[in-house]
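Q: Hey, I've just opened this one and I'm new to it. Can you walk me through it?

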Amino acid sequence: MAESLKQHQLGLFGHPVKHSQSPQIHQGFAAQFGIDLTYVLIDASPAELPSQFKVWIPTAHGCNVTVPHKTHIMPLLDHHTERAHQCQAVNTVFWRDGELWGDNTDGDGLVLDLQAKGIHLSGMKVLIIGAGGATQGIIPSLLEQGVTDIEIQNRSHDKANQLAAQFNYDRVATAGPKMHSPYDLIIHATSMGHQGLSPELKEHWFHPNTIAYDLSYGNAAQPFLATAQACGAQQVHDGLGMLYGQAALAFEIWFGQRPAVILTQ
Ligand code: ATR
């Protein structure tokens, strides 16, 4: 059957997953190329993930993986790309020569969105607030883009220290008394926004051109972005563009063509 006539089965494994925008995003991308795909949401608890994945994936073209499975999916795959290995997390699964690969497009999706907004990371001093999986997923891409410093600030200092040590670069450190503020870019990567909360921010972290970016989007991004504006940030962005960016890069892995990203919200 011609590739363009074949129906491609894709999906997203997560828990919870029902509010995901990924089906609409990928249908929009597929329409740009006349590709026929179905994209289903698969809610699997961590205990259910291995059996559900093994049953579903053999007839699928690939899948995305989201919280809380990005690390737990790794032992279920044959290979990981270098960037997935660096992040210790996978968000995109694909087949190559009958074997399953895991990649991670989150960090490069963020870079893609920043570039689309005219923001270039080379030479920037970056503060990341939060030290969970979201932070781990973006650090390799930020380093690759040539940021000069990344400081990680987190409620649990131990977790921030562990993460900084994991990257073992001179350019990644835990934010402390010697913080290199002000920063060029402040990224919010905790889950606090989903509780309507913002981390505390200091005015001296901001200079007139400091950009504030929340990896969450919609209402969950608002507390941090409002706090950043109160501290003087003139350029604030939520993570909707990153969501589209990581999806566009996943689509390119599956179909060999990079879709145009048109933000609809
Ligand atoms: P994910 O993998 O999605 O990033 P996670 O690993 O649970 O999720 O990490 C969530 C991040 O949000 C962590 O940095 C967490 O801080 P701790 O490492 O100290 O737990 C942070 N976080 C969540 N709720 C928070 C709160 N109420 N105040 C401060 N930090 C919070």
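Predicted model: local features only at pLDDT ≥ 70, side-chain atom pairs only at ≥ 80, totals over all residues.

Q: OK, and which residues are buried in helix α6?

A: Helix α6 covers residues 157–167, and A160, L163, A164 and F167 are buried there. They sit on the same side of α6, because they cover an arc of only 95° around the axis.

Q: Why do residues three or four places apart point the same way?

A: An α-helix has 3.6 residues a turn, so residues at that spacing end up pointing the same way.

Q: Which exposed residues does the face of α6 turned away from its buried side carry?

A: That face has D158, Q162 and A165, which are exposed.

Q: And what follows α6?

A: N168 does, and its phi is positive, near 50°.

Q: Switching topic: how many residues surround the ligand?

A: There are 13 of them, and the closest are A131, G133, N154, R155 and S156.

Q: Where is the side chain of R155 relative to the ligand's oxygen atoms?

A: An N or O atom in the R155 side chain is 2.9 Å from an oxygen atom of the ligand. With S156, a backbone N or O atom lies 3.0 Å from a ligand oxygen. S191 also has a backbone N or O atom 3.3 Å from an oxygen atom of the ligand.

Q: What share of the ligand's accessible area does the protein cover?

A: On its own the ligand has 630 Å² of accessible area, and the protein covers 70% of that.

Q: Now H188. Where is its place?

A: H188 is in strand β10, which runs over residues 183–188.

Q: Is H188 buried or exposed?

A: H188 counts as buried, because its relative accessibility is 1% and the cut-off for buried is under 20%.

Q: Which side chains does H188 join in polar contacts?

A: One is T190, where the side chains make a polar contact of 2.7 Å. Another is D214, with a side-chain polar contact of 2.9 Å.

Q: And which residues is H188 in contact with, leaving aside its neighbours within four places in sequence?

A: Those are I129, G193, P199, Y213, D214, L215 and F224.

Terms used: Residues numbered from 1 in each chain as written. Heavy atoms only, no water. Near = heavy atom within 4 Å. Polar contact = N/O pair within 3.5 Å; in protein donor to acceptor, adjacent residues only side chain to side chain. Areas by Shrake-Rupley, 256 points an atom, 1.4 Å probe, with all protein chains shown as cover. Helix = DSSP H or I, 4+ residues; strand = E, 2+ residues; numbered from the N terminus. Buried < 20%, exposed > 50% of the residue type's maximum accessible area, 1.4 Å probe, protein only. Contact = heavy atoms within 4.5 Å. Arc of directions from axis to C-beta.
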